[in-house]
Amino acid sequence: MFDFRMKLAERVGPGALAGVTIGDWLKLLVQNRFRLHPLFWGRVAFISLSCPFTSLVRHLERGLYARQYRVMPIPPPLFLLGGWRCGTTHLHNLFALDERFGYSNLFQTMYPHTFLTSEWWWLPLLAAMTPRKRWQDNVALSLREPAQDEMALCIMTLRSSMLGWVFPHRFEEYERFLTFEGVPERDLELWKAGFREFLHKLTFKNQGRPSVLKSPYHTARIRLILQTFPEAKFLHIHRHPYEIFPSLCHTMRKVIAAWGVQRLDESTLENRAIETYRRLYAAYFDQVREIPPGRFHDISYEQLSQKPLETLEEAYAALGLPDFRVVKPRIEQYLAELSSYERNKYPDLSPEIKARLRLEWKPMFETWGYEP
């Protein structure tokens with residue numbers, strides 16, 4: 001059954017554009033000149049058939065709820081920063097155990113326009129077709145699991161470099177939305193407005209609880225986030241670059257195949273991985289000093305793996321979060337259940353790749369003291 005769900009999702013699953021509206025779907029098709037690979041016509045058909053319904057339900061949802069959620073104050077969010085394959089998903093799952101916080105689940109990020117109206121009936125139906133594990137690793141996959149909000153922002157604003165994973169032929173064009181450097185002011189304001197709209201809805205859904213948000217992309221957007229949510233707090237996690245690189249390449253290969261409507265040129269993958277991470281952390285190191293004192297804390301993946309309770313307790317204290325002792329028993333139980341989890345294993349990197357990473361990702365080695 002697992003293989004059936006996985007194959008179904010790979011061929012027909014909507015990927016990162018599940019809840020797109022018909023107008024935005026047509027914009028994307030025009031931008032990409034309708035260049036769609038036949039291998040992914042099932043995905044194109046799913047999105048094309050569902051987006052008119054999404055547009056209709058979106059209008060219904062706004063009529064029913066907009067007046068209520070738009071007046072809901074947004075408590076200062078906690079942003080979990082860190083590049084892909086650094087452990088942000090694990091960290092997000094740990095914080096989601098604390099019922100004093102809210103978070104976006106996978107369904108809500110897939111259907112940001114309509115989840116207030118559709119989650120109660122559409123989620124159970126969609127769950128029957130959803131794989132039980134992620135494509136890129138052995139992490140459990142569920143529509144109710146915490147999920148990165150980037151997919152919601154991608155669908156709501158069409159201003160996300162995640163679109164490059166759907167349309168890899170225009171990867172460089174969409175990559176400008178990684179840092180938003182040089183992007184017109186109108187695009188910036190549309191992104192901020194979309195983000196506020198999503199958090200208003202999420203806060204309404206979570207009964208006013210502050211949101212814990214996770215997205216690798218936000219690592220490069222600290223300045224934008226502070227402009228949008230001035231009281232936000234940040235927890236950053238980092239990992240050894242040699243462990244990140246093979247896992248990132250594997251993830252890009254798997255996820256683009258599961259989300260894309262165009263074929264990936266495999267010869268470009270390693271260069272894209274290296275350049276994207278370089279730009280991500282160039283922006284991070286440039287902006288992290290702008291976070292006010294008491295609202296930023298940094299941990300390592302190695303710390304979180306070896307001493308999870310101590311590391312989390314220290315983070316709670318450093319950021320002025322609620323008493324960690326309240327959630328500690330739940331986290332202990334969760335960690336015990338994860339004891340059998342098996343991480344992916346990759347071949348050793350070549351000397352050439354290691355040398356290139358030391359050059360391209362030099363600030364990461366130097367700042368966190370990783371041995372080359």
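## Helix H4

Let's start with helix H4 (residues 88-96), where 8 of the 9 residues are buried (under 20% relative accessible area with a 1.4 Å probe, protein chains only). Helices here are DSSP runs of H or I with at least four residues, numbered from the N terminus. The buried residues of H4 are Thr88, Thr89, Leu91, His92, Asn93, Leu94, Phe95 and Ala96.

This is a predicted model, in which local features need pLDDT of at least 70 and side-chain atom pairs count only at pLDDT 80 or more, while totals for chains, interfaces and linings use all residues. Residues are numbered from 1 along each chain as its sequence is written, and side-chain values use heavy atoms, with hydrogens and water left out.

## The second largest pocket

The second largest pocket holds about 570 Å³ of space. A pocket is an open set of points on a 1 Å grid over the protein atoms alone, with protein on both sides within 12 Å along at least five of seven lines; lining residues have an atom within 4 Å of a point. Its volume is the space filled by probe spheres set on the points, which are joined across faces, edges and corners.

Of the 30 lining residues, Asp24, Met156, Thr157, Leu158 and Arg159 lie nearest the centre. Helix H11 gives the most to this lining, with 7 residues. By type, the lining has 8 nonpolar, 8 polar and 14 charged residues, where charged covers Asp, Glu, Lys and Arg, nonpolar covers Ala, Val, Leu, Ile, Met, Phe, Trp, Tyr, Cys and Pro, and polar the others, Gly among them.

## Lys192 in H11

Lys192 sits in helix H11 and counts as buried because its relative accessibility is 8%. Lys192 touches Leu224, Gln227 and Thr228, leaving aside residues up to four places away in sequence (contact means heavy atoms within 4.5 Å).

Definitions and conventions:
Buried means under 20% relative accessible area, exposed over 50%, partly exposed in between (1.4 Å probe, protein chains only). Helices (H or I, at least four residues) and strands (E, at least two) are DSSP runs, numbered from the N terminus. On a 1 Å grid over the protein atoms alone, a cavity is a set of points where a 1.4 Å probe fits but cannot get out, and a pocket is an open set with protein on both sides within 12 Å along at least five of seven lines; lining residues have an atom within 4 Å of a point.
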